Amino acid sequence: MFEPPEVFNIADYFLDARVREGRGDRVALRTDDADWSYAEVQALANRWGNVLREAGVQPEQRVLLGTLDSPDHVGALFGALKIGAVPVMVNPFLKADAIAWFYEYTGASAAVVHAETSAPFQTARAGARRLRELIVADDADFRRRLDAASAVLDPEPTHRDDAAIWLFSGGTTGRPKAVVQTHRSYANSTECYGKGVLGLTEDDVTISVPKLFFGYAMGTNLFFPFSVGASCVLFPERCTPAAILDRIERFRPSVLVTVPTMVQQMLADPTLAKRDLSSLRLATSAGEALPLELHRRWNRAFGIELLDGLGTAEMWHVFISNRPGAVRPGTLGTVVPGFDVRVRDDGGSDLPDGQVGWLWVRGDSRALGYWRHMDRTKEAFRGEWYVSGDMLSRATDGYFSYAGRGDDMLKVSGRWLSPQEVENCLLQHPGVREACVVGVVEGDGLTRPHAYVVAASDADARTLADDLDAFVRKRLESYKVPRRVVLMDDLPRTHLGKVDRGRLRVSA
């Protein structure tokens, strides 16, 4: 088990150590414009750190990063870490009202953005009481200031249990909660999952569908490859099937970091049959449940191992995962070495294999807690355990299956119903592109499943609602059949890109 020293800064662990090892000339970042070596990224990070320090940012103060995926995002992230500040990761495409809330909630002393998405950040600045500086990374005057800064900077001697980076919980309802994660956490998951499960080496090249503000991508497409001297592909625009497929062909990555929504979109891309994806040795999926039917479609189309897994911001990254050579579609895989996962009842007692219960997990990636949410912290963090709102079951051979979020599980006709089971059935219909099932309290006060569906084509949409009722009745018990099927152009999403089930319930 990896045990970091007391004085420990992850900017040194992930970046400076690669240069000390003699890997300074190796490619760290691959972008549309240029490749960046580890030595170049280190110099950029040092300049960013010196600029932030000159702007008055002190150790332990928050720096809000609303940057696009780019060398400057990486430079600002490691630069803030090197001076002992705490980067706060936010979606750069947020609207002004959401940004204003983040300014106030985090108390950030500085924020870093790109010109393309800066307008809402500028608008929200008026009410930001503690924000001293809003930096537009690609502004010409700032570039001169950055270029003039020193490229030499020693890392602040932070403690391994100091706050390192704030992430945000990926719940599907309400305001996100800041999860305060430590330097120890990021190193631990890197050793346990990045090296231990993915088996990354310096010859790997990673590319990601989700952006770096999402902890899942920050790990798999930045920290994990940097920990072994590998390289990662970055591009600033929102991800589309064309954007990711074009860059797979251009950069020839070996590892694709993806999510179920993009799996579906890639499979529907009309150019897929002509694409060359032979460079990929594996892909990962996390962030939301991967339906069995979607996994089967992936296997038929690509023949590339897709490692589904489960992680949370509270434990930073993946702690249950399928493994290369041992993938079982429809499951989350087995426990990542270094973690302990239990399935427990409402009273906290272990349940027998095969029964659905609450997820309890422990390991050295556990967060300190939620910022300014003591009640939720006491509820979720119990001693060395983190008690998730997720519900799972464990097979006798150690493979875990996902049942759903506790607040998404439905009690219908006195029996528990997992929305994922119904969604997987709906996805088996060729006319369905996406599906989400939520519980709706109807006029009689009883909860019943309602389905929200995106059709595969306009032609499918004309008769799809009626077809699905008969389709599902042939495959599932009657209490699992959606009482209503609503066709939508798109499903609503949270700030992390997950389906927003709460908005669907409200709209019912």
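Helix 7 (residues 183–195) and helix 8 (residues 215–228) pack at about 85 degrees with their axes 10 Å apart, in what is a predicted model. That makes the pair roughly perpendicular (65 to 115 degrees counts as such). Local features here need pLDDT of at least 70, side-chain atom pairs count only at pLDDT 80 or more, and totals for chains, interfaces and linings use all residues. Numbering starts from 1 along each chain as its sequence is written, and side-chain values use heavy atoms, with hydrogens and water left out.

- On the helix 7 side, the contact (heavy atoms within 4.5 Å) is made by Tyr186, Ser189, Thr190, Tyr193, Gly194 and Lys195.
- Helix 8 brings Met218, Phe223, Phe224, Ser227 and Val228.
- By class, the contact of helix 7 with helix 8 has 6 nonpolar, 4 polar and 1 charged residues (Ala, Val, Leu, Ile, Met, Phe, Trp, Tyr, Cys and Pro are nonpolar, Asp, Glu, Lys and Arg charged, and the others, Gly among them, polar).
- Helix 2 (residues 38–54) and helix 6 (residues 140–148) cross at roughly 105 degrees, their axes coming within 8 Å, so these two are roughly perpendicular as well.
- Leu44, Arg47, Trp48 and Val51 of helix 2 meet Phe142, Arg145, Leu146 and Asp147 of helix 6.
- The contact of helix 2 with helix 6 has 5 nonpolar and 3 charged residues, with no polar ones.

**A covered helix**
- Helix 13 (residues 419–427) is mostly covered, with 8 of its 9 residues buried (under 20% relative accessible area, 1.4 Å probe, protein chains only).
- Among the buried residues of helix 13 are Pro419, Glu423 and Leu427.

- The whole structure has 2 cavities of 30 Å³ or more (on a 1 Å grid over the protein atoms alone, sets of points where a 1.4 Å probe fits but cannot get out).
- The largest cavity holds about 50 Å³, and its lining (residues with an atom within 4 Å of a point) is Tyr103, Glu104, Gly107, Ala108, Ala128, Arg129, Arg130 and Leu131.
- The second largest cavity has about 30 Å³ and is lined by Thr67, Leu68, Asp69, Pro92, Phe93, Lys211, Phe213 and Pro236.
- About 320 Å³ lies in the second largest pocket (an open set with protein on both sides within 12 Å along at least five of seven lines).
- Of the 18 residues lining the second largest pocket, Thr31, Asp33, Asp69, Ser70 and Pro71 lie nearest its centre.
- The lining of the second largest pocket divides into 9 nonpolar, 3 polar and 6 charged residues.

Note on methods:
Points joined across faces, edges and corners; volume = space filled by probe spheres on them. Axes fitted to C-alpha atoms, helices over the stretch in contact; angles between N-to-C directions. Helix = DSSP H or I, 4+ residues; strand = E, 2+ residues; numbered from the N terminus. Parallel < 35°, antiparallel > 145°, perpendicular 65-115°, else oblique. Buried < 20%, exposed > 50% of the residue type's maximum accessible area, 1.4 Å probe, protein only.
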